[in-house]
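Please consult the sequence and structure shown here alongside the text.

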Number of protein chains: 2
Amino acid sequence: MAKNSDSPKMSDVARLAGVSSMTVSRALKPGTSVNDVTRELVRNAAEKLGYVFNSQASGLRSQRTGFVAVSIPSINNANFADTLNGLTEKLWGSPLQILLGYTDYDANKEEEIINQFLSRKPEAIVVTGGGHTEKCRQLLSQSQVPVVEMWDLPESPIDHVVGFSNASTSNLMVRHLYEQGYRKIGFIGGDTKRDARGLDRRRGFIEETKSLGLDSTCLVAEGIPPVTMREGAAAMRNLLKKWPETEAVMCVSDISAVGAMTECIRSGYRVPEDIAITGFGNYDLAEFTIPTITTIDVSAKEIGELVGNTILQQLEFQGDISAKTSIEIKPKLITRESTAVKLIGPAGTLSE
Amino acid sequence: MAKNSDSPKMSDVARLAGVSSMTVSRALKPGTSVNDVTRELVRNAAEKLGYVFNSQASGLRSQRTGFVAVSIPSINNANFADTLNGLTEKLWGSPLQILLGYTDYDANKEEEIINQFLSRKPEAIVVTGGGHTEKCRQLLSQSQVPVVEMWDLPESPIDHVVGFSNASTSNLMVRHLYEQGYRKIGFIGGDTKRDARGLDRRRGFIEETKSLGLDSTCLVAEGIPPVTMREGAAAMRNLLKKWPETEAVMCVSDISAVGAMTECIRSGYRVPEDIAITGFGNYDLAEFTIPTITTIDVSAKEIGELVGNTILQQLEFQGDISAKTSIEIKPKLITRESTAVKLIGPAGTLSE
DNA sequence: TTGAAAGCGTTACCAG
DNA sequence: CTGGTAACGCTTTCAA
């Protein structure tokens with residue numbers, strides 16, 4: 001209950017312990033040479049005073065804030081959450097702490113957030129994707145700290161990269177559908193003004209259907225990213241109205257796929273007998289719908305871990321800033337019930 | 001490409017603009033009295049040098065870091081994400097920035113995180129729930145900054161509260177099931193050593209079933225929180241093995257409810273004809289399963305907004321620290337298909 | 001409206 | 001192993 005109007009600082013601890021502030025500073029940090037007795041003395045004094053270390057002052061003087069700034073599009077996304085968990089685990093034990101920001105899939109907001117980040121003097125910056133505003137790119141490249149772009153393979157990376165080609169994942173999926181025998185395939189995604197990665201998946205879809213000689217114009221854009229289940233359902237309604245012959249629909253995410261699939265089933269379609277559906281992201285969810293949903297696993301957590309490794313390396317071997325990391329993740333197709341019918345290719349995968 | 005080995009500071013900008021650093025400091029902040037011409041001059045100089053403001057130094061001197069520290073149990077949870085979004089929106093436009101940490105539903109980890117937080121000198125601290133380690137409570141009360149406990153109604157709050165009674169939500173749900181005619185009701189939750197809010201829901205379940213004269217011993221604890229879909233499914237398997245007569249199952253979350261329900265359906269049970277299922281949290285998901293899932297809406301986003309208001313008030317009216325906020329949210333029952341059968345009460349709700 | 005000086009709390013650096 | 005001194009980059013405070 002008692003409130004000390006001024007919080008104690010190192011010099012207060014020093015006075016109580018009968019040593020200098022420098023000794024306090026050292027005693028409170030692990031791995032410094034201080035007499036064991038002295039250290040214990042200092043610890044007790046600090047404890048007694050309720051001393052709280054001030055990172056601001058420390059960071060100012062030592063030029064090390066311990067911040068790793070991370071920008072993701074949305075906090076409400078199991079994939080990015082997994083990536084963050086992977087990153088957090090790697091950083092555990094190091095003095096590095098994550099400073100998180102989210103952009104709502106908006107490049108302008110990203111620029112604002114990067115600006116906020118920079119004034120906090122992070123020791124590394126992690127951004128999602130390779131599409132930034134001109135200003136943002138400039139801020140990042142001039143920032144003097146390692147930058148990691150993740151979840152994508154930018155054509156001209158700013159610095160380090162841990163990602164995969166979003167377009168290629170569509171190729172993977174379209175080919176799977178083709179091999180299963182589907183020919184009339186549609187795509188459901190969000191509004192085409194945002195979400196570079198979603199657009200890449202759409203682009204990949206168009207490319208691959210074209211190259212297989214299929215119609216590539218069955219495209220629905222519904223809602224600003226991230227596409228919700230509700231929007232996935234609405235998109236499916238529109239799609240079936242306009243292209244009632246559709247045999248399979250690729251959705252930009254598992255979330256939209258669930259909405260789309262539920263819409264189909266509630267409208268009396270059988271999945272996959274009447275229409276096949278695929279998602280993206282391998283959310284837990286996609287395994288607990290009925291039927292289960294064919295999807296793409298992008299090793300979201302692994303991305304975070306690799307980003308963490310990259311950062312730890314960069315901050316260990318300071319000076320050697322020229323060594324760029326570029327890690328390409330290989331997304332995996334997860335075949336499930338929602339595409340399990342119309343087998344005409346080689347035997348295998350899930351059959352009914 | 002050109003890397004300036006030292007980043008410019010205010011004094012550099014000042015020199016280039018031909019003014020003092022104080023003028024630069026003022027010119028770069030809105031709402032300060034600086035000659036328009038001078039301000040423009042300074043802005044140009046800053047732009048030309050690529051000057052980046054240093055919050056560390058600013059915060060050290062002014063004793064205002066602009067951080068609001070927020071601790072949540074898990075980042076991979078749509079409810080907490082909504083709360084964060086609500087909070088973020090409220091804080092938008094203010095100079096306040098969120099510093100996020102997550103505890104994995106572990107009170108010891110919470111203590112660590114609060115420790116990390118404190119050294120960053122946040123201007124307010126938000127924690128989830130009212131259950132903390134002794135040390136943690138002490139740290140928070142002595143912290144000299146406003147503390148908000150959310151998502152719960154602690155018996156002896158540290159400071160401010162925005163939450164609801166988790167036990168009461170169970171009462172609400174049990175009563176609903178009772179009114180629908182269900183009598184043999186079970187509960188699925190996580191391991192009972194963590195997640196105070198999940199335990200409160202379990203406690204509420206036991207209380208209410210007892211007070212209605214029902215059996216209150218059909219309880220399954222599976223997995224460390226948060227309970228996954230997979231664990232929900234496993235729990236349901238165990239439950240049905242041990243209590244095959246069960247008519248309805250209350251799950252600690254929508255996530256576990258989906259797992260449980262899918263398990264039932266795959267095992268040949270009809271929901272709700274053979275068994276009713278309920279969730280908690282009103283995730284989007286619960287409306288896109290077949291059948292849709294009866295759940296509890298806790299106004300997660302609103303909680304965040306109210307927390308934001310509380311913080312903004314506290315930081316505006318500094319000095320008047322004695323005024324405690326205590327806001328009780330009223331969770332709402334959302335009746336859906338998964339409990340729509342066996343109507344014996346008054347007509348209404350969803351009927352088949 | 002602008003400037004000079006002092007100081008926020010810590011740690012780098014150098015002595016002992 | 002310990003201590004004194006200066007400095008990190010900004011803003012408070014006071015004066016012009």
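## Secondary structure and overall form

In this predicted model, chain A contains 12 helices and 12 strands. Its radius of gyration is 26 Å, whereas the globule rule gives 20 Å for 352 residues; the chain is therefore more spread out than a compact globule. Along the principal axes, the C-alpha atoms of chain A occupy a box of roughly 85 × 45 × 35 Å.

## Burial and contacts

Buried residues account for 52% of the 352 residues of chain A. When contacts in chain A between residues at least 6 apart in sequence are considered, 69% of them link residues at least 24 apart.

## The six-stranded sheet

Six strands of chain A form an open sheet in the order β2-β1-β3-β4-β5-β11, and their pairing is parallel. The edges are taken by β2 (97–102) and β11 (326–328) of chain A; each has a single partner strand, so one side of each is left without a neighbour in the sheet. On average, neighbouring strands of this sheet are turned by 15 degrees against each other, direction ignored.

## Pairing of β3 and β4

Strands of a sheet pair through backbone hydrogen bonds, in either a parallel or an antiparallel manner. Within chain A, strand β3 (residues 124–128) and strand β4 (residues 147–150) pair in the parallel sense, with four bridges between them. Across this pair, V126(A) stands opposite V148(A), which belongs to β4(A).

Methods:
Residues are numbered from 1 along each chain as its sequence is written. Chains are lettered from A and ligands numbered from 1 in the order in which they are written. This is a predicted model: local features need pLDDT of at least 70, side-chain atom pairs count only at pLDDT 80 or more; totals for chains, interfaces and linings use all residues. Helices (H or I, at least four residues) and strands (E, at least two) are DSSP runs, numbered from the N terminus. The radius of gyration is taken over C-alpha atoms; the globule rule is 2.2 Å times the number of residues to the power 0.38. A residue is buried if 20 or more other C-beta atoms lie within 10 Å of its own, exposed if 12 or fewer, and partly exposed in between; C-beta atoms are placed from the backbone. Two residues are in contact if their C-beta atoms, placed from the backbone, lie within 7 Å. Two strands pair if DSSP finds at least two bridges between them. Axes are lines fitted to C-alpha atoms, for helices over the stretch in contact, and angles run from 0 to 180 degrees between N-to-C directions.
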